[in-house]
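Have a look at the model first, and then we can go through it together.

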Amino acid sequence: MMMSNEAQSRRTFLQRTSTVTTAVAAGASISLTAQQATSAPGSNERMRIGFIGPGGRGFGAHVKTLCELHSEGRSIDLVSIAEVYDVQRDKVADHIAKQTGR
């Protein structure tokens with residue numbers, strides 16, 4: 001079966017980025033041990049969450065649920081959004097701002 005150039009370039013991109021991600025994660029795990037993370041002042045007080053490409057499903061399943069948890073007093077902050085589509089990014093950002101005040 002022949003694959004289009006688009007599929008091949010997407011596959012190549014995913015293979016390359018997974019290799020880089022693995023290398024970065026390995027380096028990060030060497031530089032910061034679990035003991036250092038738990039002993040850092042305030043490291044376990046709040047969880048900061050960012051969204052990458054929330055789209056429709058991510059908005060309904062994750063963003064709204066985490067906003068509700070924040071409203072219930074859970075120690076989470078919704079801090080960033082990365083979205084290719086400006087309309088979706090603004091929709092998510094507006095919802096988070098309305099629900100959390102930030």
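## Around Thr100

Thr100 touches Cys67, His70 and Leu78, leaving aside residues up to four places away in sequence; contact here means heavy atoms within 4.5 Å. This is a predicted model, where local features need pLDDT of at least 70, side-chain atom pairs count only at pLDDT 80 or more, and totals for chains, interfaces and linings use all residues. Residues are numbered from 1 along each chain as its sequence is written, and side-chain values use heavy atoms, with hydrogens and water left out.

Thr100 belongs to helix H4 (residues 86–100); helices (H or I, at least four residues) and strands (E, at least two) are DSSP runs, numbered from the N terminus. With 16% relative accessibility, Thr100 counts as buried (buried is under 20% relative accessible area, exposed over 50%, partly exposed in between, with a 1.4 Å probe and protein chains only). Its side chain reaches the backbone oxygen of Ile96 at 2.7 Å and the backbone nitrogen of Arg102 at 3.3 Å.

## Salt bridges

The whole structure holds 4 salt bridges, each a side-chain nitrogen of Lys or Arg within 4 Å of a carboxyl oxygen of Asp or Glu. One of them joins Arg46 and Asp77 at 3.0 Å, N to O. This pair links distant parts of the chain, 31 residues apart: Arg46 sits in the loop between helix H2 (34–39) and strand S1 (47–52), and Asp77 in strand S2 (residues 76–82). Asp77 is buried at 9%, while Arg46 is partly exposed at 41%. Arg46, Asp77 and Arg102 are linked in a salt-bridge network.

Key. A polar contact is a pair of N or O atoms within 3.5 Å; within protein, one must be able to donate a hydrogen and the other to accept it, and residues adjacent in sequence count only if both atoms are side-chain atoms.
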